Amino acid sequence: DTMRRVVRQSKFRHVFGQAVKNDQCYDDIRVSRVTWDSSFCAVNPRFVAIIVDASGGGAFLVLPLHKTGRIDKSYPTVCGHTGPVLDIDWCPHNDQVIASGSEDCTVMVWQIPENGLTLSLTEPVVVLEGHSKRVGIVAWHPTARNVLLSAGCDNAIIIWNVGTGEALINLDDMHVDMIYNVSWNRNGSLICTASKDKKVRVIDPRKQEIVAEKEKTHEGARPMRAIFLADGNIFTTGFSRMSERQLALWNPKNMEEPIALHEMDTSNGVLLPFYDPDTNIIYLCGKGDSSIRYFEITDESPYVHYLNTFSSKEPQRGMGFMPKRGLDVNKCEIARFFKLHERKCEPIIMTVPRKSDLFQDDLYPDTAGPEAALEAEEWFEGKNADPLLISLKHGYIPGKNRDLKVVKKNILDNKPSGNKKSDLINAPKKAADASNPQNDAKLDEILKELKSIKDTISNQDERISKLEQQMAKIAD
């Protein structure tokens, strides 16, 4: 409790959270019931995306921020995966591009129309195939355009150039056990990972080497999380041997002892950390908790300072965290969460109380803007760059986004390593090139059969949704 005794000067001591009014929530959403410890929700200044329950396959909703209230059951979804979606992440450099990882072992990248969906989206811009087991983590590079990381239950991390649809780095021999999370550092030169073997690893992905690691970061057996802070230190959450929840701060240059280690409580929900590099505040949202605790990180002891707790009645199933440029600077809003309940999504606004209506530049230092500092090729060649910053003095006005174009290189020329599936896909093509009438007839036959199966499926889909509607009426 030393964290709470000393009253410390901080402009964030009185930060308070407030849930929005009911009509500002997104209602009647069937939030995914998959048992997976991701946040199930991703937001940016235009859209909120939520992984939902979907019969046959995996889907997520993408709603324009202003589309609050009751969401119709027939509202279109993004539904190209054949298995449940486990993780989603908005591209930091294009507010209309989102990546999803799924139990079907693929990563898909989607382009959302400027004003949201009017029809369900089934065609991704690109499908990234290379994992042999389900993909539970997707994370965009913070400063390089079109660079995406994915991590799967095959214990592999793959880094893709989305612009060409190829896997350029495959880290498949660094983890012996399940990867719980992956975090890029501020300029995207390093990643840190937390894994089931209780190790936190700092990895240089381009050199494909482990730069630092810590065994038994937290002694307990339950899932951990590790994220990079702006100064290069690493913040972790986990469990003690007695199943108490812990948080810790580490210096990757010397991982022997933590800079700080604090016990929290004995709840069993995994603590998802959300970090704001501009204010150095970390928000901890436990899955299944009904509170958000927040801490300020400074360079004086005890380094991790407890600020306050936002509590509500309902437990959270997941959580979205708005980037800084999506906040209302006129109301001194320093964070906005999108809390998932069983059937709705509720925005929660964190505010620093100030009397003045003027722009508070101490609360809003220049923040990461939507422009990429590097092209994918430059990063893969070894260049690094910090995020390009923008001022929020006059609020943030979203600009036009360019469409994501994927120019696939001929896969036959250079097979990316670990992409076993593409070999299978290309084999029949080569055979078909040497076409003869016999093959053509067979091809027609197969295509006809495919078409008839597709028609049957779509008829059944319609029937299922009619039956669901009837059931809903009866239930109401």
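Glu 449 sits in helix H4, which runs over residues 437-475. The model is predicted. Glu 449 belongs to a patch of negative charge on the surface.

Leu 450 takes part in a patch of another kind, a nonpolar one on the surface. Leu 443, Ile 446 and Leu 447 complete that patch. Together the four residues have about 370 Å² of accessible area. How exposed is Leu 450 itself? Its relative accessibility is 42%, so Leu 450 counts as partly exposed. That class lies between buried, under 20%, and exposed, over 50%.

Now turn to the record for this stretch. An unreviewed UniProt entry annotates residues 443-470 as a "coiled-coil region". In the model, that span is 100% helix and 0% strand. Its end C-alpha atoms lie 41 Å apart.

What does the chain look like over residues 78-120? Those residues are 0% helix and 51% strand. The end C-alpha atoms of residues 78-120 are 6 Å apart. Residues 172-213 are 0% helix and 50% strand. For residues 172-213, the end C-alpha atoms are 17 Å apart.

Technical notes. Residues numbered from 1 in each chain as written. Predicted model: local features only at pLDDT ≥ 70, side-chain atom pairs only at ≥ 80, totals over all residues. Heavy atoms only, no water. Patch = residues over 30% accessible without salt bridge, like charges linked within 9 Å, V, L, I, M, F, W, Y side chains within 5 Å. Areas by Shrake-Rupley, 256 points an atom, 1.4 Å probe, with all protein chains shown as cover. Salt bridge = Lys/Arg side-chain N within 4 Å of Asp/Glu carboxyl O. Lys, Arg positive; Asp, Glu negative; His and termini not counted. Charge placed at Lys NZ, Arg CZ, Asp CG, Glu CD. Helix = DSSP H or I, 4+ residues; strand = E, 2+ residues; numbered from the N terminus. UniProt positions renumbered as here; feature names shortened; annotations may be inferred. Buried < 20%, exposed > 50% of the residue type's maximum accessible area, 1.4 Å probe, protein only.
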